[in-house]
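Hi there,

Here is the structure I promised to pass on to you. Have a look at it first, and then read my notes below.

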Amino acid sequence: MKEELSILIKAQYPLIYLITPEEERAEQAIAKIAQADTQHQKVFVWTMTRGMTEYGQTRNTPQGNTISPEAAIQWSIQQREPGLYVFKDLHDFISGAGVKRALRDAIAAFKGTEKILILMSPIQDVPIELEKDVVVLDFPLPTTDELHQVLEQQLNRNRAKPPSADVQEKLVRATLGLTKDEAEKVYRKAYVKAQQLTDAEVEIILSEKKQLIRRNGILEYIEEDETLDAIGGLEELKHWLRQRSNAFSERARDYGLPQPKGMLILGVPGCGKSLIAKTTSRLWGLPILRLDMGRVYDGSMVGRSEANLRNALKTAESISPAILFIDELDKSFSGGSGSSDSDGGTSSRIFGSFLTWMQEKTSPVFVMATANRIERLPGEFLRKGRFDEIFFVDLPTPEERELIFKIHLCKRRTEIDRFDLSQLAKMSDGFSGAEIEQAIIAAMYEAFAQDREFTQLDIIAALKATLPLSRTMTEQVTALRDWARQRARPAAASSAEYQRLEF
Ligand code: ATP
């Protein structure tokens, strides 16, 4: 938060670590704070290429011999007037003994002097020796107002007729989650393509934004054409989701409803957990971003994984209301809080940061997580209140299997009367939805190779040739069921009924 930065500066925190890839915007914000302050602090900026220069001077000649970071820190200690000393990319030098010592000297010397060091970097890297003295802050992505200005500048530059306020709103919303430079680029590209910026260009901007989000490689924009109707069964879960279709609207807030936080879908592999998550995006009309935890972990540099996670969450927040989809939560966080040894504590720090974010987030980002194995999932996730609901997706019942056959056959053929769905459902006991779909595809391949249409018998043969996972993983499935029966809500209506009778 920019206000937060202003408060820290006014409160004279001697060392602030500001994380941002947007140097120019952050410098402008710092200069504004310095000027607004009654002290009128001067702002100096250090880079390894130029040394220390005064911000905003047309002939900004370096101050003395301040190319080396130690010399620059020393120079700022010697200054008498109040000032803000911004060091760009000091993370490359911060682990050096000389730099660490100089920073600690500065912290001691700056007490009560209205001088502040600001370390500006896209990466967080704070040595243990400084952890207690530094306050780390994320510089937020541009707000709607700032993006409005970017759009206005773009329109002025092109001498284009401004679109209606409504369209401007849409154009701005479409760039939420991008940096100022990125927003500028997508507006420019949309303009070059269409020679105007109107309602029609929102799509161009959105697809550009998807590219940019994709490029960071950690978040993926998912586009799903299927609706909830493509899922056979799971009626309880669908009902829960339908009930919350407007949960992120103003109307829901006015009614006094809290914003949904998230849900965890536990279950047997291949039973439609991911499909449910993706189709919810269409049902709720919200964008869905998949967080690839495998890519969050990056051992190339200390602090890089944490920065990756932070950036991804920040992007998700900035385009909220949105759904953040984490597939296989059990694999992503299996280390949990106890795994500090194997990777220098990175996974337990990442896990901690994620939990804190889930706990404290105020922006409407709905977390949709799936998991197959309960024993690998850290207990913290299962605590009451972490997710709004934990659903258990079991293997489909005979009625659900019939529906799944129907859905997948209808996807492939317009005429399906020749299939006896109830017989297929009977013969596929223990099969997951994914295995049913695969059996149909195998039957089609068989018939295609023989240059004929596929039949009921082809599907039966494919079913017989398959050993479903539920049989090869009986123990795991039983353990999951036993666990879920006590603690999770069944996703299918029939098992919900069954559970109600049992308790
Ligand atoms: P995993 O745990 O292995 O990721 P999952 O439970 O997330 O599995 P999905 O990836 O959603 O399962 O399912 C794979 C495919 O199987 C789906 O894309 C869909 O085509 C089919 N499928 C699974 N369950 C159903 C269902 N209930 N109705 C219709 N199709 C289904």
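**What I found**

Let me begin with one side chain: that of Arg25 makes a polar contact, at 2.4 Å, with the side chain of Glu22. A polar contact also links the Arg25 side chain to the side chain of Glu146, this time at 3.2 Å. You can find Arg25 in helix α2, which covers residues 23-36. Is Arg25 buried or exposed? Its relative accessibility is 6%, and because the cut-off for buried is under 20%, Arg25 counts as buried.

Before you go further, please keep in mind that this is a predicted model. The average pLDDT of the chain is 85, and 93% of the residues score at least 70. Two stretches need some care. Over residues 337-341 the pLDDT is below 50, and this stretch has eight contacts in the model beyond near neighbours in sequence. The pLDDT is also below 50 over residues 496-503, where the model has nine contacts beyond near neighbours in sequence. Where pLDDT is low, the predicted coordinates should not be read in detail.

Now for the overall picture. The chain has 503 residues, and 51% of them are buried. It contains 22 helices and 13 strands. Its C-alpha trace spans about 90 × 60 × 50 Å along the principal axes. Among contacts with a separation of 6 or more, 75% are between residues 24 or more positions apart. The accessible surface of the chain is about 24,700 Å², and carbon and sulfur atoms account for 49% of it.

Next, the inside. In soluble globular proteins, nonpolar side chains tend to be buried together. Here the largest nonpolar core has 67 residues, and the members that touch the most others are Leu237, Leu291, Phe354, Met368 and Phe381. Which residues does Phe354 contact, leaving aside its neighbours within four places in sequence? They are Leu291, Leu309, Leu313, Ile326, Phe333, Val367 and Phe381. Another core, of 25 residues, lies apart from the largest one, and its members include Leu15, Trp75, Ala106 and Leu119.

How many residues are around the ligand? There are 17, and Gly232, Gly270, Ser274, His408 and Glu437 come nearest.

- In Gly232, a polar backbone atom is 2.8 Å from a nitrogen atom of the ligand.
- In Gly270, a polar backbone atom is 2.8 Å from an oxygen atom of the ligand.
- In Ala434, a polar backbone atom is 3.5 Å from an oxygen atom of the ligand.

Taken alone, the ligand exposes 630 Å², and the protein buries 81% of that area. Helices α11 (273-284), α16 (398-412) and α18 (433-449) are the elements that give two or more residues to the shell around the ligand.

Thr478 and Val268 are 210 residues apart along the chain, and their C-alpha atoms are separated by 9.9 Å.

Happy exploring, and write back with any questions!

Best wishes

Methods. Residues are numbered from 1 along each chain as its sequence is written. This is a predicted model: local features need pLDDT of at least 70, side-chain atom pairs count only at pLDDT 80 or more; totals for chains, interfaces and linings use all residues. Side-chain values use heavy atoms; hydrogens and water are left out. pLDDT is the predictor's confidence in each residue, from 0 to 100. Contact means heavy atoms within 4.5 Å. A nonpolar core is a set of buried Ala, Val, Leu, Ile, Met, Phe, Trp, Tyr and Cys residues joined through side-chain atoms within 4.5 Å. Buried means under 20% relative accessible area, exposed over 50%, partly exposed in between (1.4 Å probe, protein chains only). A residue is near a molecule or strand if one of its heavy atoms lies within 4 Å of it. A polar contact is a pair of N or O atoms within 3.5 Å; within protein, one must be able to donate a hydrogen and the other to accept it, and residues adjacent in sequence count only if both atoms are side-chain atoms. Accessible areas come from the Shrake-Rupley method with a 1.4 Å probe; for residues, only the protein chains shown count as cover. Helices (H or I, at least four residues) and strands (E, at least two) are DSSP runs, numbered from the N terminus.
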